[in-house]
Amino acid sequence: MHFIETLHGLKTKIPPIWIMRQAGRYMPDYRMVRKTESDFIEFCLNPEKASIVTCQPIEKFHMDAAIIFSDILLVPHMLGQKVTFIKDIGPKLTPLDIGEKLLEPDWTDYKFHLENVGHAIDLTQKKLNNLSVGKNLPIIGFSGSPWTLFTYLTEGGSSKEFINARKFLWSDTKNAEAVFDILTSAIIHFLDIQIKAGVSAVMLFDSWAGAIPSRFRDKFIYQPTQKIVNYIKKTYQGLPIICLPKSIGEGILEFSDKVQPDCIAVDHLTDIKFVNKYLPKEIAIQGNIDPICLVTGGDVLKREVDYLLNLVTDRPYIFNLGHGILPETPEQHVADLISYVRGK
Ligand code: CP3
C-alpha cells in the first residue's frame with residue numbers, strides 16, 4: 001500500500017514493504033522456472049519467464065511493489081562485453097583493459113535487444129492485474145549505476161578489492177571518462193525502455209559505491225548519477241527515483257544533496273540512525289535489515305523490525321533489507337517479516 005505515495009513524501013504508520021531480489025533463489029518456485037533455461041542472460045530476456053518469476057513473490061507474500069526481473073549486467077552484455085554466469089562463482093565478463101576503448105554500440109540494436117525487458121514489464125502488469133493481490137501494483141524498474149557497472153567491466157566479474165577498476169581510474173582517467181559517458185547513455189536508454197513500458201518508479205543500484213576512492217566520488221559517482229536522475233526528472237516528471245549508494249559512508253549526505261533522489265536506500269553497514277538524523281526530512285529512506293538477520297528470523301528479527309519502526313517515524317519510510325535477500329533465507333521468515341511489519 002502507498003508505495004508510490006511514500007516516495008512522493010507521504011508518511012504512513014505502517015511502511016510499505018518490498019524486498020531487494022525478492023524474485024530469486026530462496027524461492028523453490030523461482031528455481032523451478034530458472035531450471036528451464038541454462039543461460040541466465042537468455043532467462044532475463046525471456047519476457048514470459050521473467051514476468052512469471054516477477055509475480056511469484058507477490059502471489060506468495062503480497063509485497064507492496066513488484067520489481068521487474070532482469071539484471072544490471074544486461075547493460076554491459078549489450079555493450080559487447082559478453083556476460084556468462086558460472087555456477088557457484090558468479091558472473092564473468094570479457095574484461096575491458098586499461099588503455100582499451102569501449103566502443104559506442106549501435107544504439108538502435110542495443111535498444112532492440114533490451115526491449116524484451118519492456119515486453120516483460122507489459123506482461124507482468126497484465127499478470128498482476130489478474131491476481132487479487134496484484135491489481136495496479138507498482139512495478140519498479142532498475143539499472144546498475146555507472147560506477148558499479150564499470151567495476152564489472154574492468155574486473156571481468158565480481159571483486160573484493162577492485163584493483164583493476166581503481167587502477168583504471170588513476171592511470172587512464174580520460175579513457176575512464178569516455179567509458180562512463182557510454183555507460184551513462186546506456187543506462188538512460190535502459191531506463192527509458194522500462195519507463196515507457198510502464199514502471200512506476202526506478203531504482204539505481206550502486207552496489208559497490210563503497211569501493212571507489214573517495215577522491216573520485218564526485219567525478220565518477222555524483223556527477224554521472226546526477227545526469228541520469230536529472231534526465232528522468234526532466235523527461236518523466238514525478239516518476240520517483242530510489243538510489244542505493246551502498247556503503248558510501250559519510251558520502252551518503254553529499255550524494256543525496258547533489259543527486260537529489262526521492263529516496264535513499266540505506267544498506268545494513270550504514271547507521272540508519274545517522275542517515276535519519278542528517279538527511280533532509282523530505283527525502284524518503286528505505287532499508288535496512290541485514291539480510292543475515294532475515295536468515296536468522298524469530299525474535300531476533302522482530303527486535304530489529306521494532307528498532308526500525310520506532311526509529312524512522314518522522315519521514316517517508318519504506319521497509320526493506322539493506323541488500324539483496326540471500327538464497328538460504330527460509331521463505332517462512334519472509335512471510336513472518338511482512339506480517340510483523342504490518343502488525344498482523
Ligand atoms: O530484485 C529482484 O527480484 C529483481 C531481480 C534482480 C536480479 N539482479 C536477479 C538476479 C536485481 C534487482 C538484480 C540486481 C543486481 N544484479 C545487482 C544489484 C543489486 C545487488 O545485489 O547489489 C548486482 C550487483 C547484480 C549482478 C549479479 N547478478 C551478480 C553478482 C549475480 C551473481 C551472484 C549471485 O547472487 O548469484 C547475479 C545473478 C542474479 N541476478 C541472480 C538473480 C535472481 C541469481 C542467478 C540465478 O538465478 O541463477
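Reply: This is a predicted model. The mean positions of its 38 positive and 40 negative charges lie 2 Å apart.

Me: What makes a residue count as positive or negative here?

Reply: Lys and Arg are taken as positive, Asp and Glu as negative, and His and the chain ends are left out. The 38 and 40 are therefore counts of these side chains.

Me: How do you know that the radius of gyration agrees with a compact globule?

Reply: For 344 residues the globule rule gives a value near 20 Å, and the protein has 19 Å, so the two agree. The C-alpha atoms fill a box of roughly 55 × 45 × 40 Å along the principal axes.

Me: What share of the residues is called buried, and on what cut-off?

Reply: Buried means under 20% relative accessible area. Of the 344 residues, 56% count as buried. The protein exposes about 14800 Å², with carbon and sulfur atoms supplying 53% of it.

Me: Why is the set of 123 residues called a nonpolar core?

Reply: The term requires buried residues of nonpolar-core types, such as Phe, Trp and Met, joined through side-chain atoms within 4.5 Å; the set of 123 residues is therefore called a core. Phe3, Trp18, Phe150 and Met203 have the most contacts inside it. Helix 9 (residues 173–196) gives the most to this core, twelve residues.

Me: Which residues does Trp18 touch?

Reply: Leaving aside residues up to four places away in sequence, Trp18 touches, among others, Phe3, Met63, Ile140, Met203 and Phe319. Contact means heavy atoms within 4.5 Å.

Note on methods. Residues numbered from 1 in each chain as written. Predicted model: local features only at pLDDT ≥ 70, side-chain atom pairs only at ≥ 80, totals over all residues. Heavy atoms only, no water. Rg over C-alpha atoms; globule rule 2.2 N^0.38 Å. Buried < 20%, exposed > 50% of the residue type's maximum accessible area, 1.4 Å probe, protein only. Areas by Shrake-Rupley, 256 points an atom, 1.4 Å probe, with all protein chains shown as cover. Charge placed at Lys NZ, Arg CZ, Asp CG, Glu CD. Helix = DSSP H or I, 4+ residues; strand = E, 2+ residues; numbered from the N terminus.
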